[in-house]
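Take a look at the model before reading on.

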Amino acid sequence: MDFTIGSLELNRSDPAHIGTKALMGSQKALDSGKSEKVHGSFESMLLEAASAMNDQQIEVSKLQEKVITDPDSVDIHDVTTAMAKAKMSLSLAQTVIDRLISGWNELSQTR
């Protein structure tokens, strides 16, 4: 039995491997030959991640300012936790950027 999804063709030679569920999404997606877009573009994911990291940094700055101006209104554990999250997201962003740059350098040297 052969299935075609877009430009992907799947051959199943063993009848025991033929299931009753649709491949890669709903039966409608199989019928139309189009797969549904699950994720956004790489650029949008990077921008969303950078925005989330920036929001965490801003939140930490606001909490630190609040600790200085009105220490009784803020729990110090919340400030410490927010600082740790912001530091971790910044470290992760730096790692991703370093890997992207090294990957790009490898690709450009391969040419």
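This is a predicted model: local features need pLDDT of at least 70, side-chain atom pairs count only at pLDDT 80 or more; totals for chains, interfaces and linings use all residues.

The protein chain has 3 helices and 2 strands. Along the sequence, they follow the pattern β-β-α-α-α. Of the 111 residues in the chain, 12% are buried.

Now turn to the largest pocket. It holds about 250 Å³ of space. Its lining includes Leu46, Ala49, Ala50 and Met53. Ser89, Leu92, Ala93, Val96, Ile97 and Leu100 also belong to the lining. Helix 2 and helix 3 each supply at least two of the lining residues. Helix 3 gives the most, with 6 residues. By type, the lining divides as follows.

| Type of residue | Residues in the lining of the largest pocket |
|---|---|
| Nonpolar | 9 residues |
| Polar | 1 residue |

Next comes the surface. Phe42, Met45, Leu46, Leu92, Val96 and Leu100 form a nonpolar patch there. Together they have about 530 Å² of accessible area. Helix 2 and helix 3 each supply at least two residues of this patch.

Leu46, Leu92, Val96 and Leu100 are named in the pocket lining, and these residues are also named in the patch. Take Leu100 as an example. It lies in helix 3. Is Leu100 buried, partly exposed or exposed? Its relative accessible area is 39%, so Leu100 counts as partly exposed. That class runs between the cut-offs of 20% for buried and 50% for exposed.

How values were computed:
Residues are numbered from 1 along each chain as its sequence is written. Side-chain values use heavy atoms; hydrogens and water are left out. On a 1 Å grid over the protein atoms alone, a cavity is a set of points where a 1.4 Å probe fits but cannot get out, and a pocket is an open set with protein on both sides within 12 Å along at least five of seven lines; lining residues have an atom within 4 Å of a point. Grid points are joined across faces, edges and corners, and a volume is the space filled by probe spheres set on the points. Helices (H or I, at least four residues) and strands (E, at least two) are DSSP runs, numbered from the N terminus. Ala, Val, Leu, Ile, Met, Phe, Trp, Tyr, Cys and Pro count as nonpolar, Asp, Glu, Lys and Arg as charged, and the others, Gly among them, as polar. Patches are made of residues with over 30% relative accessible area and no salt bridge: like charges are joined within 9 Å, nonpolar side chains (Val, Leu, Ile, Met, Phe, Trp, Tyr) within 5 Å. Accessible areas come from the Shrake-Rupley method with a 1.4 Å probe; for residues, only the protein chains shown count as cover. A salt bridge is a side-chain nitrogen of Lys or Arg within 4 Å of a carboxyl oxygen of Asp or Glu. Buried means under 20% relative accessible area, exposed over 50%, partly exposed in between (1.4 Å probe, protein chains only).
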